[in-house]
Amino acid sequence: MSIVRYSELLRLTWPEIAVTVAALLLLAFDLTVLRRSTLKVRLRAGMAVACAGCLAAMFLLNHAAQQASLPDSMLVITPLTHVVQIALLALAIFTLLLSASTRFTGHVGEYLALILFATVAMMFLVATENLLLIFVALEFLSVSLYILTGFDKQSRQSAEAALKYFLFGGMSAGFLLFGMSLVYGLSGSIELPRIAAALSGPGLDPLLVVAIVMVAIGFGFKVAAAPFHLWAPDAYQGAPTVSAGFIASSSKVASFFIFAQVVVLALPAAEGRGGFRNYSPGWVPVLVIVAALSMVLGNLAAIAQTSLRRLLAYSAIGHAGYMLLGIIAHSPRGLSALIYYVITYALAALGAFGVLGTLESEGIDHIQDLAGLYRRAPGLAVCLLIFLLSLAGIPPLAGFFGKFYIFSAALAAEPHLGLLWLVLLAVAMSAVSLYYYLRVLKAAWVADAAQERPALRIAPITRVTLWLLAGLVVLLGCMPSVLLNLLGPW
Amino acid sequence: MLAWTIYVSFLGALAARLAPSKQAARVLALLAALAGLALSLVALAHWQSGQFVSVVDVPWIPQLGIDYHLAADGISLTLLLLTGIAATAGILFSWNIEHRTQEFFAFFLVLIGGVYGVFLSFDLFLLFVFYEIAIIPKYFLIAIWGSVPRGATGENAGAQREYAAMKLALYSFAGSALVLAGMVAAWTVSGGQTLSLEGLSQYAFPAHFQMWAFPMVFVGFAVLAGMWPFHTWAPTGHAAAPTAASMLLAGVVMKLGAYGCLRVAMMLFPAGLDPWGFHVLGFGSWRDVFAVLALIGIVYGASVALVQRDFKFVIGYSSVSHMGFVLLGLMTLTQIGLDGAVLQMFSHGVIAGLLFAVVGRMVYDRTHTRQLSELSPMQLAHVIPFAAVTFILAGMASIGMPGFSGFVAEFQVLVGTWRALPWMVAIAGVGILVGIAFTWRALTTVFFGEAPAAGAGHTEHPLPPITLPEKLGSLLLLAATLIVGLYPRILTDLIVPSLNSPLFEGLRKGVWR
């Protein structure tokens, strides 16, 4: 154990501190000054404080050291973690803005503060290479998300979703902890780089295989990959819309990043091979199976859904399968592709949930209820088109380049073309996915409502946020190099 | 300057969407299409034989070696010209769209812009991007504005349209998924440095790689070219689409597929056409396989067209048959055959446009039926003589009468086939004969049907006369097929030198004759 210098710690965690302070201030304001104000005022004020905190954190991040670390790999800051943290903050801001028209709860201060706390947890999660801190941050994140899921106290579904999420989550945390303890037992360290050094010997310890499977289960749950996905459809359906969007976007980004960090940094020697002919044990074949299952199950199950949220949930499972390809590639390019994919996915998914939130306040939940949307809310219909087509991977939207990049990274992985079968499966499944996305768009764009309904009322702030998100999706699709430049020197 | 064909279409789409009135949207769309046509014509006028014009070439995604590279050779220019003609005619023939007019022209022009983009792209990634951009508007054009056969009303009508639209979108997307996989694989194998078509065409891909990459990419594109047995989207899609969209689908979109087969599959992976070294059921190479599939398409398409009861399906299946000639021409691997194939792309684009215009706009929009048996008693030749004359001329062009472009194209394909795969000529000839039969049948039934029993079934409302936009559109298309038919050098001088350019060197080295 080396000594932690607190001044150093303070210097490196300014952004996280900014967000935490914002959360606390927000809670305090809500309890004292704004106590007698109307819900709307409290919401707006809280949002302003929260967004200010996130913006301050982004500003601090921009001016902080690009490369730094604390002893024991407690905090390891690299240009890459910077990008991910900024993305997380941006997503948090969008989430906060989308909660502007929240009506379901009177506890707005707590709600917004929880979003910020979860963001802090994620910022720590991505910036550490210490198993212990990873676990703590992950649990902090999960607990915040459980509460966010069950926040709608009037809704039975929300409570059910939270309970399901919590039970599955608790169990998977157990698996993860068990796997981590095995890794610690085998290597004698909780720092990812040291674990790699200790485990670099030839051959694969059977115990390590167990550890790998446990870790894969733990993280597989967090990223909602099949067969650990059972919580996702219920949580997405029952949770308040903004919470669901938050779970689908931010937490995906953070979980995938740290998942990749753990297996790539700690277990580089135990990768194994996932090729069709040249198979050898390790974490790659485990993830290959998980990825293939997620792609097939998520996309096929999404076809049968009639509820928009469940459809998005199953499609998220499918997307988790594609994203795993980036980890499986096990190369710097793969990591860069993964981050690009998960960020653009998060933007599109959050946007889609934002649209859903607006629709649900008008009582629209099922696909056929969308009929006539192009007439009732043309702008919203365009946004929905952009988000869903990006998820389907249609150029020139961001989702397309993400797919191309991640597939090319997977194919370029050693040995060349070894994962061709998996990429072919992924490509085929993305063709399947177009079907259900088009079904939604068909309802929104083609069908006319049975009876004429009035135009939808959309809060201006929601409108602006959705257009911003849509603009980002288009921009990142047309000019991917903007983000790629930050993700790695090529 | 050619790059503006793309931009003008996308800008036109935006302008049409935001247009204050329906008439404004129409005029704006027409202007955008005319601008595209004018740009291609100007390029044609300034073209020097064998030229390769690089329009724009800037790095786009340098991390992956992807460039924004627009360029044109003679083959591209031929197809750009076709796109300009078909787009202009399409807009003229959809002058009567009243339902969500602004959106219709917006989707239409996005589709056109995507098509221009494909023909101009000399970076594989860019080509693919434009190729996919074209898919989504097709879906909406059919699903929202499509036409349906008589008898299907309300719910049922909508369901049929959506079925056809979804089928088309999924077939296209499945095909492009194959292409995507092939593209990524090619990128990986060539070292991940470039996706430029020029660069990749110089790269010597390993023969065993080409052996599986070629059929994958070829089939991926050929789905959109209507290759049997992946053609089934074509007749349903064409029949369900609104007139302008069927004109574009048959006229231009199917050419995207054929163009991709030539430009990507054959140009990059020529060794995929080499003999396998063994025979399975008499097939010795992918070339044999695809040639036979093309041949089946020719005969099958024509035969099925012969027994259709729905006028639009007749034309839909005839497209499958004519596109078979394109694929057969490609598979001859002779200069004259390939020249014929590209010419056939142009020719069929124009002729199919004309035929669909007659069926969809002139006849269906007036009589509201597509059933041959119901059209027969209407004596349409007397009621709308202009439509009858147009159909006769288009039919003559379609069956390959000398003097029309169809003759030059199919004749060249057959000569190429004779040199390369002689026994196939006989079967393709049968296809042509059946083609004459179904055209004759459609013509006589629809326009020169039996006179109805005296007094009975006489149309109570006289049909509205042919409008000016329709006449202009027909004349444009007729002029195109006649000019090319009478003076084919206008296009062959573009195509042949391009086939002899360094880009196709790999293809010429193989079994080329």
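The following legends describe close-up views of a predicted model.

**View 1. Chain B as a whole.** The secondary structure of chain B consists of 22 helices and four strands. Its radius of gyration is 22 Å, close to the 24 Å given by the globule rule for 513 residues, so chain B is as compact as a globular protein of that length. The C-alpha trace of chain B spans about 75 × 55 × 45 Å along its principal axes. Of the 513 residues of chain B, 62% count as buried.

**View 2. Helix α2 of chain B and its packing.** Helix α2 of chain B covers residues 22-45. Its 24 residues should span 34 Å at 1.5 Å a residue, and this agrees with its end C-alpha atoms, which are 34 Å apart. Buried residues of α2(B) include Ala25(B), Arg26(B), Leu28(B), Gly36(B), Ser40(B) and Ala43(B). The buried residues of this helix pack against three helices of chain B, namely α1 (3-18), α3 (74-93) and α4 (101-120).

**View 3. The contact between chains A and B.** Chain A contributes 28 residues to the contact, and chain B contributes 26 residues. On the side of chain A that touches chain B, α18 (398-412), α19 (420-445) and α21 (481-487) of chain A each supply at least two residues. The most comes from α19(A), with twelve residues. By class, this side of chain A has 23 nonpolar, four polar and one charged residues.

**View 4. The largest nonpolar core and Ala410(A).** The largest nonpolar core has 412 residues, of which Leu325(A), Ala410(A) and Leu327(B) touch the most other members. Helix α15 (residues 332-360) of chain A provides the largest share of this core, 19 residues. Not counting residues up to four places away in sequence, Ala410(A) touches Leu325(A), Ile328(A), Ala329(A), Gly334(A), Leu419(A), Leu422(A) and Val423(A).

**View 5. The surroundings of Val4(A).** Val4(A) lies in the segment before α1 (6-12) of chain A. Val4(A) counts as partly exposed because it has 13 C-beta neighbours inside 10 Å, whereas a residue is buried if 20 or more other C-beta atoms lie within 10 Å of its own, and exposed if 12 or fewer do. Leaving aside neighbours within four places in sequence, Val4(A) is in contact with Leu9(A), Leu70(A) and Pro71(A). From C-alpha to C-alpha, Val4(A) and Leu167(A) are 36 Å apart in space, and they are 163 residues apart in sequence.

Note on methods. Residues numbered from 1 in each chain as written. Chains lettered and ligands numbered in written order. Predicted model: local features only at pLDDT ≥ 70, side-chain atom pairs only at ≥ 80, totals over all residues. Contact = placed C-beta atoms within 7 Å. Nonpolar A, V, L, I, M, F, W, Y, C, P; charged D, E, K, R; others polar. Expected span 1.5 Å × (residues − 1). Core = buried A, V, L, I, M, F, W, Y, C linked by C-beta atoms within 7 Å. Rg over C-alpha atoms; globule rule 2.2 N^0.38 Å.
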